[in-house]
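Work through the following exercises with the sequence and the model side by side. Each task is followed by a solution that goes step by step.

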Amino acid sequence: MPTMQDYAIIVIGAGHAGCEAAAACARLGSKTLLITPDMNKIGQMSCNPAVGGIAKGQIVREIDALGGRMGVITDRTALQFRMLNRSKGPAMWSPRAQSDRVRFMEAWREELDTEPNLDLWQDTVTSLQLEGGRVRGVHTALGVSFSAEAVILTAGTFLGGLMHFGELQLPGGRISEPASYGITDQLRAAGIRTDRMKTGTPPRIDARSLHIEELGVQEGENDHHKFSYLDTPKSQLKQLPCYTLYTNEACHAVLREALDRSPLYNGQIQSIGPRYCPSIETKIVTFADKPQHQLFLEPEGERTNEYYINGFSSSLPLEVQLKALRQIPELRDVKIYRPGYAIEYDFFDPTQLHHTLESKVIQRLYLAGQVNGTTGYEEAAGQGLLAGINAHQQVRGLAPFTLSRSEAYIGVLIDDLVNKGVDEPYRMFTSRAEYRILLRQDDADIRLTPRSAAIGLATKERIALLEEKIRLRDELIGFIQGFSVRPDKINPHLEAAGLVPLRQGCKLIDLVARPQLDILQLATYIPALQRQLDKLPDNRRAELIECAEILIKYSGYIEREREQAAKLERLEYVFIPEGIDYASIQALSTEARQKLSSIRPATIGQASRIPGISPHDVSVLLVLAGR
């Protein structure tokens, strides 16, 4: 078997996790090889053509703040951008974009092709080179070996992938793409626990067969918001709407008659499935009392007629899917490009990972993305970025790079995986984070770019933009704090707006803190404030005003959450001695002994978040730690 070039790091798989991992390693200075079976499918959107959403959008902004590329590429290839949850507080605001699927892949390919420390190789990895409990490289289907100091596995749904189209079963990691075999058996033999997961995808349809004029229209927004904090242009592509429609009883009747032919429902697939993104056949059974379910039609690209039916994942036979869709009036003449299908694939128990995403079983092997039991492009990309950073840090003999739960949604994601494991495909929600007001989408750069700068990943441009943002924001807040407002000047405006007038003079900050008022509204009444706003750069004015306003209105909540986080953070620095025989400690509960022996947490803080660990168990551990 010929041995090709030696590398510092090899990344297996060029999905969202693999792309971020490879780009990070290369930009940090490690000689990196990215191996993928198809170089035309780099950064492929296997499911819907969208990035972001509830909590997921926050992850994308964090990826960008750390120096990742998903945000920049999404901004460049977006067909529509929206900020979700605007009716709620800023902790819940979540950006989301529809992307042009082909342009997204092209942009990722261009990004990777221009990294000087990154090579690409088109091939399938069939096994890892393992020696002395450590990974040393990979072997491929073409009979080639590559050696490396670290390997990052981001194989997505390709390990043992099996697709289900009704009764028809075909091996594959995606439709028309072959599955990968060998790595799972090898890692299982080495002591890594593995299991199977399942997920589904909807049919893709031809826009020319739709009755567009009968559909609900969901337009995008055109304000200052985007994913990247860099001063990069927004998409120049034609902006397209999404459409809404509903299933009906006739559609449900067709689906119900064929339930015994649905692998996602009839037991043909025994793997772990998603609770939060169920198939249409699961919906009509679980919510049998509902006469309809909302669907969304999402454009796949600027120059294609292909649409994605969000909400209609199915594993039913093609003829059933088509008949059911045609019961919906707007889809009565629908034509399908390809049917929906279910897919089963291998994943590995994430409790066998360190917070760096390095395996506890095999040294210098990192796992990221769906192989860790997660679902979603954003969750995968966040893991890939952290795995890439830590692989580089490891081979250079540098300190590990981890994020806490109070620093980032990515920190919540990885901590949940390592401590709790998965009993279904893990998807991020804002409810999973204890410190949502600290993890807003507007300030991910303030939270994380200094961390990225410290390891050399953030560019000088990014650091300069952040420093300018903080300076201009603080100048604006300082003006608002110091400016006095007289009742006779402002009361006519307040009364005209139906608001309570002032009884005495106050500082401008007291008016900004009112929920019914905002900075732009007050600037129309207060010329001095308008002059202050006019000093801000045109291209950053809206961003800076929003940033300052959030800090002013929510300062009490933010400070209280910071104090709570600081108290709990102390437990993260109380380390548990290595090699403890938990099974012999009778003061611990039986469940605690089992969980601690399996997960082997590094700190008291980590141990306290393991399901089944009680406050009494934490007290026992504190005694063991000498505290």
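**Exercise 1: a threonine in a strand**

Thr-36 is buried, its relative accessible area being 5%, where buried means under 20% relative accessible area, exposed over 50% and partly exposed in between (1.4 Å probe, protein chains only). The model is a predicted one, in which local features need pLDDT of at least 70 and side-chain atom pairs count only at pLDDT 80 or more, while totals for chains, interfaces and linings use all residues. Residues are numbered from 1 along each chain as its sequence is written, and side-chain values use heavy atoms, with hydrogens and water left out.

Task: find the strand that holds Thr-36, and state which residues Thr-36 is in contact with beyond four places in sequence.

Solution. Begin with the secondary structure: Thr-36 belongs to strand β2, residues 32-36, given that helices (H or I, at least four residues) and strands (E, at least two) are DSSP runs numbered from the N terminus. Next, leaving aside neighbours within four places in sequence, Thr-36 is in contact (heavy atoms within 4.5 Å) with Ala-14, Ile-42, Trp-121, Gln-122 and Asp-123.

**Exercise 2: a sheet and its helix**

Task: determine the order of the strands in the open sheet that contains β4, and describe how helix α3 lies across β3, β4 and β5.

Solution. Three strands make up this open sheet, in the order β3-β5-β4 and with antiparallel pairing, two strands being paired if DSSP finds at least two bridges between them. At the edges are β3 (50-52) and β4 (78-84), each of which pairs on one side only. Between β4 and β5 (residues 94-99), which run antiparallel, there are six bridges, and Met-83 stands opposite Pro-95 in β5. Finally, helix α3 (residues 70-77) lies across β3, β4 and β5 and runs at about 115° to β4; axes are lines fitted to C-alpha atoms, for helices over the stretch in contact, and angles run from 0 to 180 degrees between N-to-C directions.

**Exercise 3: a serine in a loop**

Task: is Ser-235 buried or exposed, and which backbone nitrogen does its side chain reach?

Solution. First locate Ser-235, which lies in the loop between β14 (216-218) and β15 (242-246). With a relative accessible area of 17%, Ser-235 is buried. The side chain of Ser-235 then reaches the backbone nitrogen of Leu-237 at 3.1 Å. Lastly, not counting residues up to four places away in sequence, Ser-235 touches Asp-75, Arg-76, Thr-77 and Ala-78.

Definitions and conventions
A polar contact is a pair of N or O atoms within 3.5 Å; within protein, one must be able to donate a hydrogen and the other to accept it, and residues adjacent in sequence count only if both atoms are side-chain atoms.
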